[in-house]
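These are my notebook entries on one structure. I set down what I looked up, entry by entry.

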Amino acid sequence: MSVIYTRVALIGLGLIAGSMAHAMRRAGLAGEITGYARSADTRAVAREIGLCDRITDTVAEAVAGADLVVLCVPVGAMGAVAEEIAPHLAPGATVTDVGSVKRDVITQVGPHIPAGVHFVPGHPLAGTEHSGPRSGFAELFDNRYVLLTPEPGTDADAIARLRALWEGCGAKVEEMDADHHDLVLAVTSHTPHLIAYTMVGVADDLRRVTDSEVIKYSAAGFRDFTRIAASDPTMWRDVFLTNKDATLEILGRFTEELFALQRAIRTGDGDHLHAYFTRTRAIRRGIIEAGQDTDAPDFGRVQRKRETPAT
Ligand SMILES: NC(=O)c1ccc[n+]([C@@H]2O[C@H](COP(=O)([O-])OP(=O)(O)OC[C@H]3O[C@@H](n4cnc5c(N)ncnc54)[C@H](O)[C@@H]3O)[C@@H](O)[C@H]2O)c1
Ligand SMILES: O=C(O)C(=O)C[C@]1(C(=O)O)C=C[C@@H](O)C=C1
């Protein structure tokens, strides 16, 4: 594959930036990769492992002359970082981000983008519970979705070039409205994470009663919860604070369903439980029979819905 950007600047050197650096190198997509992280320790590790071609001690040096700047910091820090880089951005450059929430990032970053610089927000739907500069790997985005959420009127060439970069990193790219993104992700990622955090918290409370049996006999489902609940606390604090409305909406629906199931258990209503579990099983089977990636929801369907004219 050929070079798509002459210089890519990665701001915030953790799992996602590290994985992007590895994936861009794998396919030769960037002429040069520069990197900056706020913490001197992180920069030292990034230098030690050769994460980028150049790790700079200031954000200004990292973005100078870059035709792509990728903000890879926690969602709550995006606005402050955008303000810091703004005076140093090259005319014609594209700024993107990888944040898990999109509307709030647009609100934070948008006002700092100078005229002549393009802003194309993005979100790779791929991750692990690990963080930091050593956690990245080239295959993270292979066959995973990246959602781009540009505002109407964004330069089409800037979008196309960023799309090509992500495809070169192995991803499938779709465009989506930012608000819709936040609602979909509240269902498929944010609320499930909150539930996992809660379940592991409950088990931890119980552990004191059962003398570690909860850990010793933990079954596969619970182990999966503990993996999710080991995710970065700063990242997830910011996700819930910035995708508040959508998460509360989905959490409200979840709580109603949970109360209905709780009631069915208390009243011995086996028919209700059986019908509910039959319905959820059918959803999983439907996904498999349709030959879709069982790891990911059908974002193509969401996109097609968006394109349907309002009646
Ligand atoms: N981890 C995932 O599963 C995942 C998946 C998709 C998207 N994301 C999003 O990607 C972004 C980065 O997540 P990550 O998992 O790579 O996190 P990470 O914790 O591995 O890395 C974040 C990096 O940002 C740096 N940083 C924090 N605040 C900063 C600031 N104010 N200025 C400069 N650097 C700062 C940290 O030192 C660290 O190097 C987040 O917005 C997150 O929502 C994460
Ligand atoms: O596999 C994981 O560890 C993840 O949770 C990754 C995951 C998700 O699928 O929910 C988490 C947050 C992101 O914004 C994107 C991906």
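**Ligand 1 and its surroundings**

I began with the polar contacts of the ligand: an oxygen atom of ligand 1 lies 3.2 Å from a polar backbone atom of Leu-13. I note here that the model is a predicted one.

I then looked up Val-73, where a polar backbone atom is 2.7 Å from an oxygen atom of ligand 1. For Arg-38 the contact involves the side chain: one of its N or O atoms is 3.4 Å from a nitrogen atom of ligand 1.

I next asked how much of the accessible area of ligand 1 the protein covers. On its own, ligand 1 has 830 Å² of accessible area, and the protein covers 88% of this.

I looked up which elements give two or more residues to the shell around ligand 1. They are helix H1 (15-27), helix H4 and strand S7 (122-124).

I recorded the shell itself: 25 residues surround ligand 1, and the closest are Leu-15, Ile-16, Val-73, Ser-100 and Gly-132. Sorted by class, the shell holds 14 nonpolar, 10 polar and 1 charged residues.

I turned to strand S5, residues 94-97, and asked whether its faces are covered or open. Both faces are covered. Thr-94 and Thr-96 lie on one side, Val-95 and Asp-97 on the other, and all of these residues are buried.

I checked the pairing with strand S4 (residues 68-71), which runs parallel to S5 and is joined to it by 4 bridges. In this pairing, Leu-68 stands opposite Thr-94.

S4, helix H4 (residues 78-85) and S5 form a β-α-β unit, and I recorded its hand as right-handed.

**Ser-135**

My last entry concerns Ser-135, which I located in the loop between S7 and strand S8 (145-148). I asked why Ser-135 counts as buried. Its relative accessibility is 16%, and the cut-off for buried is under 20%. I also looked up the reach of its side chain: the side chain of Ser-135 comes to 3.4 Å from the backbone oxygen of Ser-131.

Notes: Residues are numbered from 1 along each chain as its sequence is written. Chains are lettered from A and ligands numbered from 1 in the order in which they are written. This is a predicted model: local features need pLDDT of at least 70, side-chain atom pairs count only at pLDDT 80 or more; totals for chains, interfaces and linings use all residues. Side-chain values use heavy atoms; hydrogens and water are left out. Buried means under 20% relative accessible area, exposed over 50%, partly exposed in between (1.4 Å probe, protein chains only). Two strands pair if DSSP finds at least two bridges between them. A crossover is right-handed if, with the strands pointing away from the viewer, the path from the first strand over the helix to the second runs clockwise. A residue is near a molecule or strand if one of its heavy atoms lies within 4 Å of it. A polar contact is a pair of N or O atoms within 3.5 Å; within protein, one must be able to donate a hydrogen and the other to accept it, and residues adjacent in sequence count only if both atoms are side-chain atoms. Accessible areas come from the Shrake-Rupley method with a 1.4 Å probe; for residues, only the protein chains shown count as cover. Ala, Val, Leu, Ile, Met, Phe, Trp, Tyr, Cys and Pro count as nonpolar, Asp, Glu, Lys and Arg as charged, and the others, Gly among them, as polar.
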